[in-house]
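User: I am new to this structure. Please walk me through how to read its features.

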Amino acid sequence: MIGIIGAMEVEVEQLLGNMQETGSKAVSGVCFHEGTMAGVQCVVAQCGIGKVAAAVCTQTMILLYHPQVILCEGVAGGIGKDVHIGDLVVATSLVQHDMDSSALGDPVGFISALQKVQMPVPSQTVALIADCAQDVYEGHVCKGVIATGDQFIANNDKLHQLAADFGAVACEMEGGSIAQVCCMAGVDYAVLRSISDNGDNDAAVDFPTFAAESAHKNTALLLAVLPKLVQQLEKTK
Ligand code: ADE
């Protein structure tokens with residue numbers, strides 16, 4: 001069983017249209033859609049925006065379905081001159097940029113429950129998604145750190161901060177929360193994001209303009225990734 005989580009309707013609607021749904025469960029305000037996609041047993045949920053909503057959804061999904069891997073997908077703000085609207089970012093690791101106990105001497109982003117800042121994604125999962133994307137994704141494919149926080153980033157100074165603090169290439173509002181819950185539960189995870197804006201002073205205009213178009217680009221990619229991911233999981237059992 002593979003779990004897939006997107007935050008907004010626009011990030012899950014096309015996926016659900018490609019799912020052969022066999023049932024659903026509503027728990028804690030989240031609907032979990034059960035079925036198959038590209039022949040793979042899946043559960044798909046729209047978690048809502050932000051870290052708490054994502055954590056509730058992830059933990060509930062783990063307890064209800066025991067997925068082998070949870071994929072977080074959707075849109076993100078691109079960071080840096082090499083990441084453009086319409087590009088894909090596959091996370092090599094996740095950080096929570098708004099976790100800050102630096103006044104107590106910790107590094108910015110330090111997650112006490114895990115005793116670390118960076119939550120890495122297994123390199124073979126990153127490679128599998130990026131390789132699939134080279135074949136089916138219409139746009140540049142980039143791998144790197146994704147920074148998560150309860151903030152829509154629309155500010156050049158903040159962007160530079162995220163790049164300086166974490167080497168981040170994209171910012172969003174759920175991936176680092178899903179990663180933390182998965183790390184705590186011992187479940188594998190990966191995060192893939194289409195770029196809808198550049199997190200800069202134009203982001204509030206670009207995001208509503210490009211979110212749907214960018215989000216929908218993930219559908220073909222996920223349909224290609226799912227069977228290969230299952231094969232990879234079978235091999236590493
Ligand atoms: N998701 C898409 N664009 C974003 C941005 N600029 N900040 C946070 N989350 C986003």
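User: How exposed does K217 count as?

Analyst: Start with the basis. This is a predicted model, where local features need pLDDT of at least 70, side-chain atom pairs count only at pLDDT 80 or more, and totals for chains, interfaces and linings use all residues. Residues are numbered from 1 along each chain as its sequence is written, and side-chain values use heavy atoms, with hydrogens and water left out. Now the scale: buried means under 20% relative accessible area, exposed means over 50%, and partly exposed is in between (1.4 Å probe, protein chains only). K217 has 23% relative accessibility, so K217 counts as partly exposed.

User: Where does K217 lie, and how far is its C-alpha atom from that of E11?

Analyst: First, the elements. Helices (H or I, at least four residues) and strands (E, at least two) are DSSP runs, numbered from the N terminus. K217 lies in helix α6.

User: Is A211 buried or exposed?

Analyst: A211 is found in helix α6 too, which spans residues 203-235. A211 has a relative accessible area of 7%, so A211 is buried. A211 and A147 are 64 residues apart in sequence and 18 Å apart in space, C-alpha to C-alpha.

User: Is D135 buried or exposed?

Analyst: D135 is exposed because its relative accessible area is 63%. D135 is found in helix α3, residues 123-136. The C-alpha atoms of D135 and A190 are separated by 19 Å, and the two are 55 residues apart along the chain.

User: Which residues other than glycine have a positive phi?

Analyst: The general rule comes first. Most residues other than glycine have a negative phi, and most peptide bonds are trans. S28 has a positive phi of about 50 degrees although it is not a glycine. H66 is another such case, with phi near 50 degrees.

User: Where are S28 and H66?

Analyst: S28 is in the loop between β2 (20-27) and β3 (30-37). Its relative accessible area is 56%, so S28 is exposed. H66 lies in the loop between α2 (51-65) and β5. H66 is exposed because its relative accessible area is 59%.

User: Where does the ligand sit?

Analyst: The ligand sits in the largest pocket. On a 1 Å grid over the protein atoms alone, a pocket is an open set of points with protein on both sides within 12 Å along at least five of seven lines; a cavity is a set where a 1.4 Å probe fits but cannot get out, and lining residues have an atom within 4 Å of a point. A molecule sits in one if more than half of its atoms lie within 2 Å of its grid points.

User: Which residues come nearest to the ligand?

Analyst: A residue is near a molecule if one of its heavy atoms lies within 4 Å of it. Of the 13 residues around the ligand, G77, F152, I153, E172 and D197 come nearest. The shell divides into seven nonpolar, four polar and two charged residues. Ala, Val, Leu, Ile, Met, Phe, Trp, Tyr, Cys and Pro count as nonpolar; Asp, Glu, Lys and Arg as charged; the others, Gly among them, as polar.

User: Which strand supplies the largest share of the shell?

Analyst: That is β5, with three residues. β5 (69-78), β9 (168-172) and β10 (188-197) each supply at least two.

User: What lies 2.7 Å from an N or O atom in the side chain of D197?

Analyst: A polar contact is a pair of N or O atoms within 3.5 Å. For D197, a nitrogen atom of the ligand lies 2.7 Å from a side-chain N or O atom. The protein covers 96% of the 260 Å² of accessible area that the ligand has on its own. Such areas come from the Shrake-Rupley method with a 1.4 Å probe. D197 itself is in strand β10, and at 2% relative accessibility D197 counts as buried.

Terms used. A polar contact is a pair of N or O atoms within 3.5 Å; within protein, one must be able to donate a hydrogen and the other to accept it, and residues adjacent in sequence count only if both atoms are side-chain atoms.
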